[in-house]
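Dear colleague,

My notes on it follow directly after.

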Amino acid sequence: MRRLRAQMASFDRPAQLLMVNQFAINLGFYMLMPYLADHLAHGLGLAAWAVGLVLGVRNLSQQGMFLVGGTLADRYGCKPLILAGCALRTVAFGLLAVAGSLPVLVLASGLTGLAGALFNPAVRAYLAADAGEKRRVEAFAAFNVFYQAGILVGPLAGLALLAWDFRAVCAVAALIFGALAALQARALPPRPPAGRGAEPAWRAVAADWRTVAANRPFLLFAAAMSGSYVLAFQVYLALPLHARELFGEHTGLVTGTVFAVSALAALSGQLKLTAWAKRNLPGPRAIVYGLVLMGAAFLPLLPSSYNAIVGVGALTLCAALLAWGGALLYPFEMDTVVRLSGDRLVATYYGAYNTASGIAISVGNLVVGALFDTGVRWLPWATLAGTGLVCAGLVSRLHRAGYLAAEPVPVPG
């Protein structure tokens, strides 16, 4: 904690505000979203297909609009998009508190996702610019500590509020985002976008997107890193499925433990891992090591049978290794995206990167689910471990070929 306070104090006020902002964003989001499916199914009595529709719309609206959100941030400035996203999520969570019909629930879910697509690329682009080239890695390391802290505290706060009523959870989450919008409107300095000339907006946006699409080093890096997001998401998919296989009715307790271990491991290890990597490794090599660690996280789950104590130990070890691997690579990954963008159109690049990772998660989850359905117990874990190694190999190859130090491609004519 002392190290975190010292590191945070070394940044300017805008960076500090964005870090606290990210904690509050995740606090508000994760106090509500883990319990939404149960509320829809049991509180409102929706059919399973309707629950899937509401949750799917949120994911689709967020992942599908990341690129648009990043483009708008580059064109109109990061602060307006951050404010718009927080305000929109205030409205969305307020709607979830009162919604009783499927159309309103779908609308609220879609607005929730759109809000994330607006502020996520903008926050990261603002932080990258404010920290500067020399301190981006440290800034994103501290940022990830606050990010993980919100993930840890949010579900606990939501669980406490659920003892009262689900509408109370929604109301408090909406108040958090409303307070964030008001605070940042007053305290976050504007960061005007670079001059874009007099060309029509649609033509400028098309040119920006062509620039991203023509940046081969960036596209190769995004493709190589896509597997890391599939691996990280297994805390929500594969590990709970495995817990269900092993522990039946006690799945909730085991899954909660695994979730807490994952967040605590990231919180405790982030700054130490980043400091060690900065001293000993070039950025791309730190990413490679992180990917190897994420892949190795699934090896303890390969044995087909073990007792309950060993089973809990294997699940928690997997969660901890996944978190440490992600913590090791994350600051260098975010820095690499900025460098590959040439420090231009940074929010657009982050938006495109997030969209690619979202597509990878969707496809990867279908594959992992299909692997579980085969009944071959070791197959999902071996495939996930192999995914980490393949991604590490791809990033290492890009590094050796000089792609990760490449200059951005020129704007296509």
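A kink of about 35 degrees is found in helix α14 at Y330, shortly before the proline P331. Please bear in mind that this is a predicted model.

Despite the kink at Y330, the length of α14 agrees with expectation: its 33 residues, 308–340, should span 48 Å at 1.5 Å a residue, and the C-alpha atoms at its ends are 47 Å apart. Helix α14 is also mostly covered, with 24 of its 33 residues buried.

The stretch that comes after this helix deserves attention for its backbone angles. G342, which follows α14, has a positive phi, near 70 degrees. Most residues other than glycine have a negative phi.

Are D343 and L345 buried or exposed? D343 has a relative accessible area of 55%, and because the cut-off for exposed is over 50%, D343 is exposed. L345 has a relative accessibility of 9%, which is under the 20% limit, so L345 counts as buried.

I turn next to a pair of packed helices. Such a pair is described by the angle between the two axes and the distance between them. The axes of α4 (residues 48–76) and α6 (residues 102–131) come within 6 Å and cross at roughly 30 degrees. Angles under 35 degrees count as roughly parallel, and α4 and α6 are therefore roughly parallel to each other. The crossing in which α4 passes α6 is right-handed. Sorted by class, the residues in the contact of α4 with α6 are 18 nonpolar, ten polar and one charged.

Finally, a note on N21, a residue of helix α2 (residues 13–30). With a relative accessibility of 2%, N21 counts as buried, because the limit is under 20%. Along the chain, N21 and V395 are 374 residues apart, and their C-alpha atoms are separated by 31 Å.

With kind regards

Methods: Residues are numbered from 1 along each chain as its sequence is written. This is a predicted model: local features need pLDDT of at least 70, side-chain atom pairs count only at pLDDT 80 or more; totals for chains, interfaces and linings use all residues. Side-chain values use heavy atoms; hydrogens and water are left out. Axes are lines fitted to C-alpha atoms, for helices over the stretch in contact, and angles run from 0 to 180 degrees between N-to-C directions. Helices (H or I, at least four residues) and strands (E, at least two) are DSSP runs, numbered from the N terminus. Angles under 35 degrees count as roughly parallel, over 145 as roughly antiparallel, 65 to 115 as roughly perpendicular and the rest as oblique. A crossing is left-handed if the near helix is turned anticlockwise from the far one by less than a right angle, and right-handed if clockwise. Ala, Val, Leu, Ile, Met, Phe, Trp, Tyr, Cys and Pro count as nonpolar, Asp, Glu, Lys and Arg as charged, and the others, Gly among them, as polar. The expected span of a helix is 1.5 Å times one less than its number of residues. The bend at a residue is the angle between axes fitted to the seven residues ending there and the seven starting there. Buried means under 20% relative accessible area, exposed over 50%, partly exposed in between (1.4 Å probe, protein chains only).
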